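Please prepare a short briefing on the model shown below. Cover the overall build, the strands, the backbone exceptions and a few individual residues.

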Amino acid sequence: MRHLLDTTDLSVKEIDDLIALAMDIIANKDKYSSVCNGKKLATLFFEPSTRTRLSFEAAMMELGGNVLGFSEAGTSSASKGETVGDTIKIVSCYADIIAMRHPLEGAPRVATYKTDVPVINAGDGGHSHPTQTLTDLLTIFREKGRFDNLTIGLCGDLKFGRTVHSLIKAMCRYSNIKFVLISPKELSVPDYIKTDYLEEQGMEYIETEDMEAAMPSLDILYMTRIQRERFFSEDEYLKHKDAFILDVDKLENAKADLTIMHPLPRVNEITTAVDEDPRAKYFEQALNGKYIRMALIITLLKWGGVL
Ligand code: CP
């Protein structure tokens, strides 16, 4: 039985297998429509979500399984003071697999100590969001056909943006990857990501505040929103909220085969006019999230001996 708490819980080979399974699901949807008959996924979301929760639920439904759960802590007994550990122990009596989002970093790890069903981290505070990374990897694979020889620009709130942290950890394992980290100095990538991943793996990276200067070199531009809910004061958020806005003009010197990604939700960091650019792939990215979560549910249930 395995959990998914962080991207690095999966080997490169296991990620390749998940991508291959997702590609087969995309090509042969009917083959998978009853794979999870009689199985239940619990989605425990102590923090808001649109894509992650609904794509998990759609994924399980398209596999023939069922879904139960809650979409905010206020509708669960957490609001009466029940601990995460007790909540997970109870839900384990009702479900075969659990996807959990929580504002506290490490909460999904605590959950794994209290259950005998697989737990998937669907985002924990500013720490990690591994299923978003699997979504991003499937998108990169479908757009580029490879995970190596890429220059990846990560732009926006790189301090609190957990999807950025997870994606860097994942991409550090491929060859000839260059990172261009575009952020205000106050919102740069946390030191542990630099020391334990970028520097430990000998990755080439630069930090800059100049998106337009970086643009011509990029194969992928991964935009992120400024994470308002993680700031200590509204004033700090307001200072940074319009730091980077991608518009049509800023793409003038971009590569013809640039892939523009964003984990979404978008606030104002990509203008809607960019949506018409064929290089904008963030809505396809959200759809890929459903397919890779289908592959992940099947895989974790198989590893757990449930399928
Ligand atoms: N990308 C992402 O995690 O979106 P949601 O917060 O809507 O789930």
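This is a predicted model: local features need pLDDT of at least 70, side-chain atom pairs count only at pLDDT 80 or more; totals for chains, interfaces and linings use all residues.

**Briefing**

Pro265 is found in the loop between strand S9 (259–261) and helix H10 (282–303); helices (H or I, at least four residues) and strands (E, at least two) are DSSP runs, numbered from the N terminus.

Residues are numbered from 1 along each chain as its sequence is written, and side-chain values use heavy atoms, with hydrogens and water left out.

**Overall build**

- The chain holds 10 helices and nine strands.
- Its radius of gyration is 19 Å, close to the 19 Å that the globule rule gives for 307 residues, so the chain is as compact as a globular protein of that length. The radius is taken over C-alpha atoms, and the rule is 2.2 Å times the number of residues to the power 0.38.
- The C-alpha trace spans about 55 × 45 × 40 Å along its principal axes.
- Of the 307 residues in the chain, 55% are buried. Buried means under 20% relative accessible area, exposed over 50%, and partly exposed in between (1.4 Å probe, protein chains only).
- Contacts (heavy atoms within 4.5 Å) were also sorted by sequence separation: among those between residues at least 6 apart, 74% join residues at least 24 apart.
- The chain has 36 positive and 46 negative charges, and their mean positions are 5 Å apart. Lys and Arg count as positive and Asp and Glu as negative, while His and the chain ends are not counted; the place of a charge is NZ of Lys, CZ of Arg, CG of Asp or CD of Glu.

**Strands**

- Strand S4 (residues 119–124) is mostly covered, with six of its six residues buried.
- S4 runs parallel to strand S3 (residues 97–102), and four bridges join the two. Two strands pair if DSSP finds at least two bridges between them. In this pairing Met100 stands opposite Asn121 in S4.
- Strand S5 (150–155) has six of its six residues buried, so S5 is largely enclosed by the rest of the structure.
- In a regular strand the side chains alternate between the two faces of the sheet. In S5 both faces are covered: Leu150, Ile152 and Leu154 are buried on one side, and Thr151, Gly153 and Cys155 on the other.
- Six bridges join S5 to strand S6 (residues 177–182), and these two run parallel. Leu154 stands opposite Leu181 in S6.

**Backbone exceptions**

- Most residues other than glycine have a negative phi, and most peptide bonds are trans.
- Leu264 has a positive phi of about 65° although it is not a glycine. Leu264 lies in the loop between S9 and H10 and counts as buried, at 13% relative accessibility.
- Asn149, also not a glycine, has a positive phi near 55°. Asn149 sits in the loop between helix H5 (130–144) and S5 and is partly exposed, with a relative accessible area of 39%.

**Individual residues**

- Ser128 is in the loop between S4 and H5 and is buried, with a relative accessible area of 0%.
- Beyond its neighbours within four places in sequence, Ser128 is in contact with Leu5, Asp6, Asn121, Gly123, Arg162, Ser166 and Lys169. The C-alpha atoms of Ser128 and Gly161, 33 residues apart along the chain, are separated by 8.5 Å.
- Thr7 belongs to the segment before helix H1 (12–27) and counts as buried, at 2% relative accessibility.
- Not counting residues up to four places away in sequence, Thr7 touches Ile15, Pro130, Thr133, Ser166, Ala170 and Arg173.
- Ala78 is in the loop between strand S2 (66–70) and helix H3 (84–91) and counts as partly exposed, at 24% relative accessibility.
- With residues up to four places away in sequence left out, Ala78 touches Phe46 and Ala73. The C-alpha atoms of Ala78 and Phe46 are separated by 8.6 Å, and the two residues are 32 apart along the chain.
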